[in-house]
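Me: I've got a protein model open and I'd like to learn how to read it. Can you walk me through it, one feature at a time?

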Amino acid sequence: MNLVTGIKLYIEKMCSESGPGMKNMLLDRETTSIISVAFSQSEMLQREVYLFERLDSGRSNERMKYLKCIVFIRPTKENIQLLANELRTPKYGSYYIYFSNIIPRTDIKFLAECDESESVREVKEFYADYLSVNPNLFSLNVSKSMQRLNWLPEALTRSVQGIVGVLLTLKLNPVIRYRAGSSVAQNLAKQIYEQISKESALFEFRQQENGAAPPLLLILDRRDDPVTPLLHQWTYQAMVHELLAIRNNRLDLSNVQGIPKDFKELVLSGDQDEFYGKNMYANFGEIGSTIKNLMEEFQRKAKDHKKVESIADMKNFIESYPQFKKMSGTVQKHLCIMGELSNLTSKRNLFEVSELEQEIACKAEHSAQLQRIKKIIADERINVDDAIKLVALYALRYERHANCDTSGLLQIMKMRSAQTHIIPSLIEYAGTHVRQGEIFSLVRITDAVKLTRNLIKGLKGVENVFTQHTPLLKETLEDIFKGRDLDPLYPAINSELVPFRRPPQEVIVFMVGGTTYEEALAVHQLNNNGYRVILGGTTIHNSQSFIEEVLAATEGLQFKHTKSMMKYYASPENF
């Protein structure tokens, strides 16, 4: 179950099916991202793809009949129309057309009628319709999925197509479960089930052997766990995304002062960068010492390279130079990133802020925490955005506490001209009235299992005060693999597939409203223990993009659960 390999195989196939010779690739906005996440430009050059063009951009009319054209696009109405125009006056000698998802027969017929010069050699469906960020993590780049807490129609359609693409890539026909009580999760589950039933021929994969349970597709709602995306992160990939924002596995450092020209935009792909692949889940401290070791090794090699005295030395130098050059690039690139992370960490006092965030997320000590929050958020040295996140975590945790003082904290934030309207919006989006399962450890003695788990966790002590929080997703997945009864919390849509009491071997989790790199780390740890889990989401959030999604989802909504914060509402429509 490796999504990066899945996408690579599709693209390899496209390049080989069109045969030898120079090729151009015609893409749309989304398939450009899908390919660039999986392959570097030099890897595409090795496959004789020399030109990349966008179907939807103004292109020159120069005829290039000596080139073959690989078309890889999503089967949208707009793309079909643009492709039809291309085929009526073809620029290239021959066309090999690949759609990233299921395409209606009527569209194929329409394209065939437009191809009067008979230049199309191949039309196929290759289900690479999602961004394979890590081998076990995919995203659909849908940054806003809801309006007034209901699906945006285009986001729903895109999610159905993306998940169907993942299932077809991995050849899985799963039991579909969704979070009970979440209309968005239920709606998505229903539409995926309808699509699988409609295209049943595509989903006829071999049956599970020796009575193993069928795979599981679990559709969750971000609103059950609003805490994970708000916390500051300390593992490499998650921390880079939180502080510098990774987009399509690319990092834009053009606004950072003192960065060398070659490092203004960096590719961060575990597949294309061995150091990053090995260390993306390591924590900030470990990365520092790993880079130090890498530096020392590099300096040793650099010294060896200076001793070029004999012909044999020259030969060795020439042979090892490409590796040396690559290593020099890796060292410099990660030093740039670590330098900036370290700079932001001290500038924003993130050790102090993060420790308090973790305390609020993991311990119920109301009065002590309230005093600490008041002190920190009033401190001008603390970044306003970090301060409002502390208030957000407090408001979520102590919403129903007898002495809850969110209003008092908002008053302090107002004096610092912070975006105070974030807090009522967040409570409407994911307050206690929405959440199922408990994200804060308020241990109820009735649940003996959880009580024991918490006691053991307490006895072991925490490896690190900055990483004591575990996302709700991890507990959910552990329950699934232990074979707990899922029906009350996660009912199945296609219940005819569910006579199995055994836990599933393979699980695909999709998070409506976006997932996070902290959850991807939890999935990675489970996979290292022999489980098979893939995580996806409408997007991959850091705290800033999550807050933007919350504000977009609650815009124009009538607020019912935050009457005490009326004066902080964003607009009159909220009343």
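Predicted model: local features only at pLDDT ≥ 70, side-chain atom pairs only at ≥ 80, totals over all residues.

Me: Where does Leu149 sit, and what is its phi near?

Reply: Leu149 is in the loop between β8 and β9 (150-151). Its phi is near 65°, which is a positive value in a residue other than glycine.

Me: What about Asn141: which loop holds it, and what is its phi?

Reply: Look in the loop between β7 and β8 (146-147) for Asn141. Asn141 is not a glycine, yet it has a positive phi of about 55°. Asn141 is partly exposed, with a relative accessible area of 25%.

Me: Is Asn136 buried or exposed?

Reply: Asn136 is buried, as its relative accessible area is 8%. You'll find Asn136 in the loop between β6 (131-134) and β7 (137-139). If you skip the neighbours within four places in sequence, Asn136 is in contact with Tyr281, Val523, His524, Asn527, Val533, Ile534 and Leu535.

Me: Now a helix residue, please. Which helix is Met327 in, and what does Met327 touch?

Reply: A general idea to start with: an α-helix has 3.6 residues a turn, so residues three or four places apart point the same way. Here, Met327 belongs to helix α11 (residues 311-347), and at 12% relative accessibility Met327 counts as buried. Not counting residues up to four places away in sequence, Met327 touches Leu294, Glu297, Phe298 and Lys301. Take Phe298: Met327 and Phe298 are 29 residues apart in sequence, and 7.2 Å apart in space from C-alpha to C-alpha.

Me: How many residues of α8 are buried?

Reply: α8 is mostly covered, with 9 of its 9 residues buried. Among them are Tyr236, Met239, Val240 and Leu243. Just after α8 comes Ala245, which takes a positive phi of about 65°.

Me: Next, cavities. How many cavities of 30 Å³ or more are there?

Reply: The general idea is that rolling a probe the size of a water molecule over the atoms shows where empty space is left. In this model the count comes to 2 cavities of 30 Å³ or more. The largest cavity has a volume of about 90 Å³, while about 70 Å³ of space lies in the second largest cavity.

Me: What lines the largest cavity?

Reply: The lining is made of Leu220, Asp221, Arg222, Asp224, Asp225, Leu472, Leu473, Thr476, Tyr490, Met511 and Glu519. Two elements give two or more residues to the lining of the largest cavity: β11 (216-221) and α18 (472-481). The largest share, 3 residues, comes from α18. Sorted by class, the lining of the largest cavity has 5 nonpolar, 1 polar and 5 charged residues.

Me: And which residues line the second largest cavity?

Reply: These do: Thr228, Pro229, Leu231, Gln233, Ala238, His241, Glu242, Thr516, Tyr517, Glu518, His541 and Asn542. By class, that lining has 4 nonpolar, 6 polar and 2 charged residues. α8 (236-244) and α19 (517-528) each supply at least two residues of it, and α8 gives the most, with 3 residues.

Me: Why does the second largest cavity lie between domain 2 and domain 3?

Reply: Domain 2 (133-226 + 470-541) and domain 3 (236-348) both give residues to its lining, so the second largest cavity lies between them.

Me: Which domains does the assignment give overall?

Reply: The domain assignment gives domain 1 (3-129), domain 2 (133-226 + 470-541), domain 3 (236-348) and domain 4 (352-430). For domain 1 and domain 2, the C-alpha centres lie 30 Å apart. Across that pair, 12 residues of domain 1 are in contact with 19 residues of domain 2.

Me: Last one: which residues touch the most other members in the largest nonpolar core?

Reply: Of the 104 residues in the largest nonpolar core, those are Phe138, Leu167, Leu188, Ile192, Ile219, Ile377 and Ile508. Leaving aside neighbours within four places in sequence, Ile192 is in contact with Val160, Ile163, Leu167, Ile176, Leu217 and Ile219.

Terms used: Residues numbered from 1 in each chain as written. Heavy atoms only, no water. 1 Å grid on protein atoms, 1.4 Å probe; cavity = no way out; pocket = protein on both sides within 12 Å on 5 of 7 lines; lining within 4 Å. Points joined across faces, edges and corners; volume = space filled by probe spheres on them. Helix = DSSP H or I, 4+ residues; strand = E, 2+ residues; numbered from the N terminus. Nonpolar A, V, L, I, M, F, W, Y, C, P; charged D, E, K, R; others polar. Domains from an automatic or database assignment. Core = buried A, V, L, I, M, F, W, Y, C linked by side-chain atoms within 4.5 Å. Buried < 20%, exposed > 50% of the residue type's maximum accessible area, 1.4 Å probe, protein only. Contact = heavy atoms within 4.5 Å.
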